[in-house]
Amino acid sequence: MKELGLISKLPINRFTDFGAYLALGSGEELLLPKGYLLGEEKEGDLIEVFVYTDSEDRPVAVTQKPLALLDEFAVLEAKEVTSFGAFVDWGLPKDLFVPKSEMGKNMEVGQKYLVKICVDFKTNRLIGVNKYRDFMRLAPFDWEEGKELEGVIFEETDLGFKVLIDNEYEGLLFKNEVFQPIALGEKRKVYVKKNREDGKLDLQLLAPGRVKYDEGSEKIIAILESKGFLPLHDKSAPEEIQEHLSMSKKHFKQCIGQLYKARMIQIEPDGIRLNASN
């Protein structure tokens, strides 16, 4: 079935007590359950639906959209783990099954993993594949230092955060160069730091040419970019600074001094904020 795993606009062929039957290009029909109908539809109307298989592995249409379509990647949370595989939440009533043989590592409930939506040709149903390296390609050789890209954060390691670029390239943000909160599944603008000989990418969050401050200063900038204001100043108690920033008062004063001299921040009586020009 060519519509499996994709978004399609299909015409209503007829109505039954269970819903509406949509006409497929092959001449067959596909059920859109009654719960997805508004009650205003007529025969011949085009309905935008996603096609997958229900709990009994029968093809079915739904008007909900999953987090990823066939041949796309998404970072999905494991909802249940069994001896034969795992079920991950991809935004539909029926969770997506990841067979044990398609796991890159043992999954744990509540953790998020990079999964590609594929067809199991033995059962003709959609499954998830966590062995993402089988699908990765070498980064284009002409991607030079400083090139701007958009990536999805998909895994945290001891070194840093793995990033998926364009659904087919792998990059890494080094942990000691990340000074702001990052969440798995989050889309981020990133820049090529180095295009390595092994085809992987070393990445950075800072735009080329931006001055890089020390780790404490970068942390303060990241918080100000996120929240707009930080209620700390040189009169704040050391315990308060430690609670907000996990740094000593001496280090904090050094950082805000550096940022103030660089005209990155404004120091106000009750805290600090970024300069409007930044």
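The questions and answers below concern domains and charged side chains in a predicted model. Residues are numbered from 1 along each chain as its sequence is written, and side-chain values use heavy atoms, with hydrogens and water left out. Because the model is predicted, local features need pLDDT of at least 70 and side-chain atom pairs count only at pLDDT 80 or more, whereas totals for chains, interfaces and linings use all residues.

Me: Which residues make up domain 2?
Reply: The bounds come from an automatic or database domain assignment. That assignment places domain 1 at 6-62, domain 3 at 147-204 and domain 4 at 215-274. Domain 2 is given as residues 72-133.

Me: What area do domain 1 and domain 2 bury between them?
Reply: Nine residues of domain 1 are in contact, meaning heavy atoms within 4.5 Å, with seven residues of domain 2. Buried area is the accessible area (1.4 Å probe) that two parts lose on being put together, summed over both. Of the area between these two domains, 64% is on carbon and sulfur atoms, and the total is about 600 Å².

Me: Which residue forms a salt bridge with D57?
Reply: A salt bridge is a side-chain nitrogen of Lys or Arg within 4 Å of a carboxyl oxygen of Asp or Glu, and the structure holds 18 of them. The closest N and O atoms are 3.6 Å apart, and the partner of D57 is R125.

Me: Is D57 buried, partly exposed or exposed?
Reply: Buried means under 20% relative accessible area, exposed over 50%, and partly exposed in between (1.4 Å probe, protein chains only). The relative accessibility of D57 is 36%, so D57 counts as partly exposed.

Me: Which side chain of opposite charge is nearest to K116?
Reply: K116 sits in strand β9 (residues 112-120), and K116 is buried yet has no salt bridge. Lys and Arg count as positive and Asp and Glu as negative, while His and the chain ends are not counted. At 4.7 Å away, the nearest side chain of opposite charge is D71.

Notes
Helices (H or I, at least four residues) and strands (E, at least two) are DSSP runs, numbered from the N terminus.
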